[in-house]
Amino acid sequence: MHDRSCDRCPSPFLPFTPLGVSSTILGFIASILVTYTYSLGPMFSLIIFYLFASVLLVSALASVTLRHPVYSVLSFLASMCSLAVLFFIQQAYFIAIVQITVYAGAILVLFLFVLMLIGYDKEPRTVRRHPVRLGFSIAIAALSLAGLLWMAQTAGPLTPAALQPQTVQAGVGNVEALGRLLFRQYILPFELLSFVLLVAIIGSVVLAKKEL
Amino acid sequence: MNLPNAVLDDKNNIMLDITFLLVAIPALAALLISLLPSHSYRAIRAMAHLAMALELVLALFLIFSFDRTLAGFQFVTDLAWTVKPKISLLLGVDGISLWMVLLTAIVGWAALFATGNIQEKVKGFFLSYMTLVCGAMGTFMSLDLFFFFFFYEIEALVTYPLISIWGRGDRKYAAMQFTIFSVLGSAFVLIGILALYFLSGNTSLQIPQLLSGFETVPLAIEIQRRIFPLFFVGFGILAALWPFHAWGPIGYAEAPPAASMLFSGILKTLGAYGLIRVGLGLFPEAARAWMPALLALALVNLIYVGFVALAQKNLRLLIGYASASHMGFALAGIACADVLGISGALLILFAHGLLMALLFLLVYLMEEKGLGSGVSDQGGLAATWPVTATYFSLAALASLGIPGFANFAGELTVLFALFNHFGPWAAAGALVSVLLTALYMLRAVRNLFFGPEKELRHTGEEPVRHFWRHAPLVLLIGALIFSGFFPNLPMSYFKTSASQNMTTLYDR
Amino acid sequence: MISESHYLVLAFLLFAIGLFGALTRRNLILILLSIEIMFNAIHLIFVTFSRTWNNLDGQVAALFSMAVAAAEVAVGLAIAILLFRSRKTIDASQFNSLKD
Amino acid sequence: MNYYFILLAPFLAFVTIALFTRRFRSLSALMAIGGLGISFALILKLFLSLLTTGALPEPVEFSWLDLPGIHFGIGLLFDRLSILMGLLVSGVGTLIFIFSTGYMEDDPGYSRFFAYLSLFAVAMLGIVFSTNLIQTFLFWELVGLASYLLIGFWFEKNQAADAAKKAFMTNRVGDFGLMLGILLIWFVSGQALGSAEGRTVEFAQLARILPEGFASGTISGSVFFIAGLLIFCGVAGKSAQFPLHVWLPDAMEGPTPVSALIHAATMVAAGVYLMARIFFLFILSGELLQVVAAMGLLTALLGASLALMESDIKRVLAYSTMSQLGLMVMAMGLAYPVAGMYHLLTHGFFKALLFLGAGCVIHATHRQNIFELGGLFKRMPVTSMAFLMGMFALAGLFPFSGFFSKEEILQAALETSRFWFVGAEATTFLTAFYMGKLVWMVFLGHEKNHGETHEAPLVMTLPVMVLSFFSLAAGYFQIPELLGQASGETRTAHFGPVAFISTAVVLVGLFASFFLYGLKKPAYEPLEKRLGPLGRLFARKFFIDDLYNFYVAKIQQPFAELCDRANELFVIKGLGHLAGRGLYQLGSLMKKSLTGNVQTYISVVVVQILIILAVAAIFLQLV
């Protein structure tokens with residue numbers, strides 16, 4: 001790998017990225033079609049789950065460890081899509097779609113845009129630079145994982161008494177039920193949320209603007 | 001959505017009584033003092049004197065109007081605060097805490113006369129003074145464990161500024177030691193309270209409810225066994241139990257005399273009082289298992305600390321260690337955990353508080369006139385200071401346990417309780433400490449006052465001359481002598497409430 | 001049939017990876033990315049429990065959390081740009097002016 | 001008639017003098033004498049009613065400390081023993097008060113002296129009329145306090161201050177044993193009745209319960225032995241018996257009226273009185289009586305021998321008191337309390353007389369060393385005559401009261417066994433010898449040049465004369481009958497073989513001392529040459545004082561220093577610094593983690609969250 005002299009010019013591998021992106025999306029759409037038709041068979045959703053779970057983990061790990069920023073962002077895209085599939089399996093269709101559009105679409109693009117704006121230089125290999133820090137953080141991550149798992153396992157059944165299961169009326173789609181819920185019971189938080197987004201927008205504009 | 005409870009309570013019962021006044025007056029005085037300009041020394045002192053005088057009058061009134069035959073809590077003030085963990089400012093007084101309140105009032109009033117040497121930042125001093133008295137009053141009277149801890153924390157909070165700003169010598173070190181340990185003690189108590197709240201499952205932290213609750217469904221033994229040690233260690237630290245006896249004297253040696261009077265007179269009594277009220281009161285079965293340990297530590301306190309006091313050269317340290325050794329007697333009384341032992345311990349606590357206040361007041365008066373800190377390198381003061389010599393020897397005799405002073409009656413009761421419960425060796429150990437006290441107190445009196453006049457620094461004229469110097473001394477000694485001549489009066493107060501709590505402890 | 005614990009394990013793994021990334025990455029933007037991964041792990045848990053108890057509140061929570069995550073990323077990136085503009089680098093370890 | 005004034009009158013006198021009449025000297029003296037005079041009058045009235053009708057008022061008591069389990073009261077118990085003892089205490093006390101108005105007139109602390117005297121009177125009468133052991137203990141301590149104040153009256157003198165502290169501490173050691181004894185009796189009295197509530201310290205009830213308990217076997221004999229020994233420990237502390245006698249000679253630092261009142265007649269007798277009062281306990285254990293008798297005889301011989309080498313007039317009298325007390329304790333030990341009490345009463349009179357006589361001598365000549373005095377007979381005839389009568393009474397010659405009471409004891413000793421009799425006779429011989437030495441040196445022989453010594457003023461010689469009358473007449477008051485021959489057997493053979501032997505021994509002692517001291521008035525102590533090493537042993541007081549001083553200086557103080565250093569090292573440095581230093585180290589540990597790097601902050605936060613989660617899980621797990 002040659003060293004980068006100027007830190008703002010694009011990487012030579014740029015042509016390959018559209019290929020990667022499109023292949024992931026196509027794969028994703030195909031998988032949705034397949035699961036939808038065969039979702040009746042229990043075995044099949046098991047396979048789908050393990051397939052996309054592994055894709056998710058591998059891509060997340062890649063996005064965390066790859067040295068080239070753009071590649072890690074793209075692997076992030078892959079993990080988002082596989083996550084959407086998992087949502088899809090859990091009948092959270094609306095969330096799956098929103099996941100695709102919001103995460104895979106907006107946030108990812110934002111990342112790429114900022115990355116391009118600021119420019120990127122490959123990080124030196126994390127291992128050589130800070131072996132101690134690497135070991136330390138691996139230990140922490142492992143510890144937290146173990147801790148969380150143990151907590152989940154020991155804490156016993158997590159069925160809060162207050163939550164009564166809502167009876168999903170037949171024929172009412174996920175989106176419709178979600179919409180009714182959003183605009184009836186959680187109308188106040190919904191409005192507040194829009195306010196939060198507004199604040200975020202104004203904030204980022206003010207922050208990133210060169211001169212007012 | 002119910003509104004926060006402070007606004008309205010379902011029963012809407014706001015009961016106010018004298019106990020509330022006793023706590024409110026120092027707090028109000030503190031507020032008023034903070035409003036006064038800081039250079040108007042006279043106004044600040046006048047306000048402090050007024051507040052303390054009022055406290056004293058109220059405490060005396062409380063004593064006279066208290067009904068000795070009833071065992072329960074009287075003059076109850078109940079200001080509900082929160083609902084979920086039922087916490088309310090519940091102040092009440094029963095036989096046990098009544099005389100401690102009187103002790104706080106007397107010592108609080110007498111200590112004001114030892115504030116002559118406070119020249120700089122007078123306003124700050126009197127603010128912390130009032131906070132301390134308010135904290136002490138609150139702790140003695142509060143029946144809600146939360147507020148018990150809350151008031152105690154106020155008091156512990158004030159110890160650091162009092163010693164480090166207005167103290168002398170290496171006061172920073174002393175202040176650090178003093179505050180760390182008094183807060184460490186209260187930390188254990190807090191953990192204990194929280195453990196009690198969570199483990200015992202009932203929703204309120206109030207002693208009356210807890211007690212009535214424990215009547216119907218007694219607290220499980222292993223829960224008690226797990227909670228009691230926390231209180232035992234916490235209050236042990238505060239009451240200068242053996243391994244934690246050294247922080248007191250260090251603090252008193254460097255603190256301003258008025259502060260030393262308050263600390264030794266009130267702070268230590270709090271520890272022992274807490275042990276009786278919370279330790280023995282709420283966890284009788286677990287306490288019974290720990291009583292031999294408390295006795296052993298108390299005996300070490302008595303004898304070992306007695307010898308340490310014997311070797312002290314500095315007068316204030318001598319008094320401090322004497323106080324720690326004397327507390328051993330009260331703790332031994334508590335270790336017997338029966339009506340006899342507890343009443344004896346309470347009388348000793350009362351007498352010990354007065355005695356320490358008296359000794360430190362005298363130390364202040366003498367040091368103002370040039371008395372050095374050493375015990376052995378100066379002497380023959382009786383000739384130049386006859387009146388102070390009389391007062392000091394009276395105080396020394398009281399600490400010896402000469403009949404006619406309250407200490408004698410208290411020690412006698414504890415001795416009988418010890419012999420009854422733990423056999424002759426415990427009583428013999430306690431009596432050895434009486435011998436030791438005689439040794440070091442008489443030697444202090446002999447070196448300081450008797451004998452030919454040694455080379456003295458510029459000792460001025462008689463420290464105790466005009467009326468204002470006699471008044472606190474007379475009050476302290478008068479209280480000691482009165483409860484020494486008629487111990488039945490305080491004992492009758494202790495008897496009813498001590499027997500009411502202690503019946504669960506020992507069957508006989 | 002896939003029980004909820006599968007999803008939980010997966011979510012925790014994802015969370016751990018995101019945490020690992022946040023701690024080791026040097027590039028500010030990629031730290032934000034790792035945080036996004038952690039967010040996603042949480043959304044997965046929301047959805048999983050929403051399905052197990054057959055209650056859509058979970059999904060509503062997931063939605064809200066997504067919105068918040070998006071807002072957070074926006075502001076985060078704005079800050080990253082500012083940092084870049086002031087220090088000409090976005091290497092996290094350069095910004096240690098807190099150490100006195 | 002409210003008999004509380006017996007105690008209240010002197011107490012009120014004490015309070016008024018201490019608080020109000022400090023500046024008016026004569027007024028305070030009057031108050032003190034008046035106070036004790038009232039109690040003397042009341043006791044006299046009781047005594048007369050005892051003589052005539054024999055009816056005595058019921059014991060009176062008000063509850064002092066009343067708690068479940070212990071019921072202590074303070075009251076007055078009137079019986080033959082307490083009234084006679086009360087008469088001695090208040091009678092001799094009033095005379096001594098009058099004497100001290102003269103003796104102390106040029107002393108700045110005049111009214112303070114009378115305040116202390118009144119306090120002592122209250123305490124002593126409290127012991128005499130006490131109805132229970134706790135009241136006795138209470139006033140026991142007050143008597144110790146009064147003697148501390150009086151011995152250390154001239155506190156500017158170093159010896160006086162040390163002597164006062166020594167006296168108080170020795171008393172305190174005695175009280176240590178006394179208290180344990182009382183506790184044991186209180187505890188045991190419950191066993192006898194089989195119930196804890198029944199425990200009591202009242203003499204009346206104890207006198208009934210303990211013998212019953214012993215007879216019925218519920219209380220073992222050894223308990224009485226231990227309790228008796230502990231109580232004897234208190235008696236030894238107060239009546240200067242063998243192990244705790246060291247304070248009596250040093251107590252002579254106090255003014256002479258103090259020595260007369262406290263260290264001759266009353267306080268030191270309190271111990272013997274207590275033994276007489278609870279004799280029902282001592283009688284129950286045979287070996288206890290043996291031990292008591294042995295200690296008594298040992299003290300008697302020790303006191304007499306120490307007096308031989310003494311050259312200070314007051315110290316000689318002090319040792320003789322110690323030895324006479326030893327005889328009384330021996331009499332108690334031989335199970336004849338009546339003899340002991342009889343000797344105690346007569347001894348009270350003539351020993352007070354001797355001390356007051358010595359007081360007159362010191363007041364006139366301001367010297368206490370017998371080798372510096374001489375030929376006072378011509379100058380101070382009244383005092384000399386009185387002193388002579390006192391000496392004869394002490395030695396035990398026929399017409400004087402000493403003869404009768406000492407003869408009772410000798411009779412008792414002879415009846416028990418020859419060993420006690422020989423011991424008692426030896427003491428009598430030594431007593432006669434050193435008293436003779438005293439008289440010949442001080443009153444006879446040529447006059448030493450000590451300025452114009454004049455007879456003491458009337459206010460001092462009057463009490464001396466009254467006391468000399470009593471020391472002569474006390475023998476004829478049939479005191480044993482008055483004491484109520486509890487033990488039943490009557491002592492009639494006054495002029496039996498014992499009388500002749502003891503008179504002979506006394507005469508031999510007197511002539512021996514006359515031969516040594518009367519003829520050629522040596523300027524130095526001849527016995528040193530004659531007795532050689534034994535003399536030196538006596539002079540050094542058998543090294544007992546040095547033993548105690550060694551203990552205090554070399555064992556107790558270094559041990560205290562050791563404790564202090566250990567306390568300094570472990571507790572202050574250890575715990576104190578552990579808390580201080582520990583927190584500081586913890587703080588610095590946290591400080592190291594603040595490297596400025598954001599990511600280390602996050603990792604620290606995550607670690608802490610995990611720790612909290614773990615602790616919570618463990619704690620929840622526990623429940």
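**The hairpin and beyond**

Author: In chain B, a hairpin joins β1(B) to β2(B) through four residues. The model is a predicted one, in which local features need pLDDT of at least 70 and side-chain atom pairs count only at pLDDT 80 or more, while totals for chains, interfaces and linings use all residues. Residues are numbered from 1 along each chain as its sequence is written, and chains are lettered from A and ligands numbered from 1 in the order in which they are written.

Reader: In what sense do β1 and β2 of chain B pair, and over how many bridges?

Author: Strand β1 (residues 74-82) and strand β2 (residues 87-93) of chain B pair in the antiparallel sense over six bridges, where pairing requires that DSSP finds at least two bridges between two strands. Within this pairing, L79(B) stands opposite L89(B) in β2(B).

Reader: And how many helices and strands are there in chain B?

Author: Chain B has 18 helices and two strands; these are DSSP runs numbered from the N terminus, with helices being H or I of at least four residues and strands being E of at least two. Its radius of gyration is 22 Å, close to the 23 Å that the globule rule gives for 508 residues, so chain B is as compact as a globular protein of that length. That radius is taken over C-alpha atoms, and the globule rule is 2.2 Å times the number of residues to the power 0.38.

Reader: What percentage of chain B counts as buried?

Author: Of its 508 residues, 63% count as buried, which requires 20 or more other C-beta atoms within 10 Å of the residue's own, with C-beta atoms placed from the backbone; 12 or fewer make a residue exposed, and anything in between partly exposed.

Reader: Let me turn to α12 of chain B: how many of its residues are buried?

Author: In α12(B), 22 of the 22 residues are buried, so the helix is largely enclosed by the rest of the structure. Helix α12 covers residues 315-336 of chain B and reaches 32 Å from its first C-alpha to its last, close to the 32 Å expected at 1.5 Å a residue, the expected span being 1.5 Å times one less than the number of residues. Just after this helix, A337(B) takes a positive phi of about 50°.

Reader: Switching to chain D, where does α15 bend?

Author: The bend in α15(D) is at H347(D) and amounts to about 30°, taken as the angle between axes fitted to the seven residues ending there and the seven starting there. Of the 29 residues of α15(D), 27 are buried, so this helix is largely enclosed by the rest of the structure. After α15(D) comes H366(D), whose phi is positive, near 55°.

Reader: What about chains C and A, how many residues does each bring to their contact?

Author: Chain C brings 55 residues and chain A brings 66, with two residues in contact if their C-beta atoms, placed from the backbone, lie within 7 Å. On the chain C side, α3(C) gives the most, with 20 residues.

Reader: Is Y7 of chain C buried or exposed?

Author: Y7(C) counts as buried, with 22 C-beta neighbours inside 10 Å. This residue is found in helix α1 of chain C, and, not counting residues up to four places away in sequence, Y7(C) touches L44(C) and T48(C).
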